[in-house]
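Please look over its sequence and structure before reading on.

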Amino acid sequence: MQRDIQNIVILTGAGVSAESGVATFRGPDGLWEGHRVEDVATPEAFARDPDLVQKFYDARRAKLRTVEPNAAHRALAKLDAHWPGDLLLVTQNVDDLHERAGSKRLLHMHGELNSAWCLACDERSRFDGVMADDQACPHCQQSGHLRPDIVWFGEMPYQMERIELALAQCDLFVSIGTSGAVYPAAGFVQSARHYGAQTLEMNLDPSEGSFHFHESRKGRAGDLVPDWVAEILRDI
């Protein structure tokens, strides 16, 4: 890496958390934990069968409590703690493994499993229990109006203006464990390059947008990311 890097944007996807035992969003059979994505990850699905959707995310939340951050999460937290310039870690993942590893400069663009959004008062709250039983909102106390604070298909990802500003100002954009198939995240590399940033991909297999990156490294995130973090911290 060049020594003139000051500002970094990192994008992480399902491949980072998969090594901790978190199921990737869509399996080779097209299903997510045995369900069609259209049945559990759209506003229409929630309107049609809220109980199914709530129970699905309750199960994901319960599973999350059984897994731990891996070497990639810990390495990125180390980078966060020691990098003197601007750094923004943008994750597509809805788990809390980056936080548990210690990352602070973090943004969940697709929402968080451990958060509830009240459709009655529009407030968001920390939530790590069961949502399917018409739980009351901690803010307005109304029951039956909570939904998972997850960005579903057809909804706008969170904090896009902040992400676009960071991409415009970064010197290095790094994508880790992403398929390169889900937009707008798949287009971040092109935005970063447009503004002159160096670009690096680390993935188990080349993503659909690998050809956009200046450099691609193939392998497990748990192997590649610690090596890269050690490499870039040596240069400061």
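Predicted model: local features only at pLDDT ≥ 70, side-chain atom pairs only at ≥ 80, totals over all residues.

**Surface, fold and core**

Q: What share of the residues in the protein chain is buried?
A: Buried here means under 20% relative accessible area. The share is taken over the 236 residues of the protein chain, and buried residues make up 50%.

Q: Why can the protein chain be called as compact as a globular protein of its length?
A: The chain has 9 helices and 11 strands. For 236 residues the globule rule gives 18 Å, and the radius of gyration is close to that, so the chain is as compact as a globular protein of that length, at 18 Å.

Q: Which element supplies the largest share of the largest nonpolar core?
A: The core has 24 residues, and I10, L79, I176, V225 and W228 touch the most other members. Elements that each supply at least two residues include β1 (8-12), α5 (71-82), β9 (172-176) and α9 (221-234). The largest share, 7 residues, comes from α9.

Q: Which residues does I176 touch, not counting those up to four places away in sequence?
A: I176 is among the residues that touch the most other members of the largest nonpolar core. Leaving out residues up to four places away in sequence, I176 touches I10, L11, T12, G13, V16, L76, M202, A221 and V225.

Q: How far apart are the centres of the positive and negative side chains?
A: The protein chain has 23 positive and 35 negative side chains. The centres of the two sets lie apart by 4 Å.

Definitions and conventions. Residues numbered from 1 in each chain as written. Heavy atoms only, no water. Core = buried A, V, L, I, M, F, W, Y, C linked by side-chain atoms within 4.5 Å. Buried < 20%, exposed > 50% of the residue type's maximum accessible area, 1.4 Å probe, protein only. Helix = DSSP H or I, 4+ residues; strand = E, 2+ residues; numbered from the N terminus. Contact = heavy atoms within 4.5 Å. Rg over C-alpha atoms; globule rule 2.2 N^0.38 Å. Lys, Arg positive; Asp, Glu negative; His and termini not counted. Charge placed at Lys NZ, Arg CZ, Asp CG, Glu CD.
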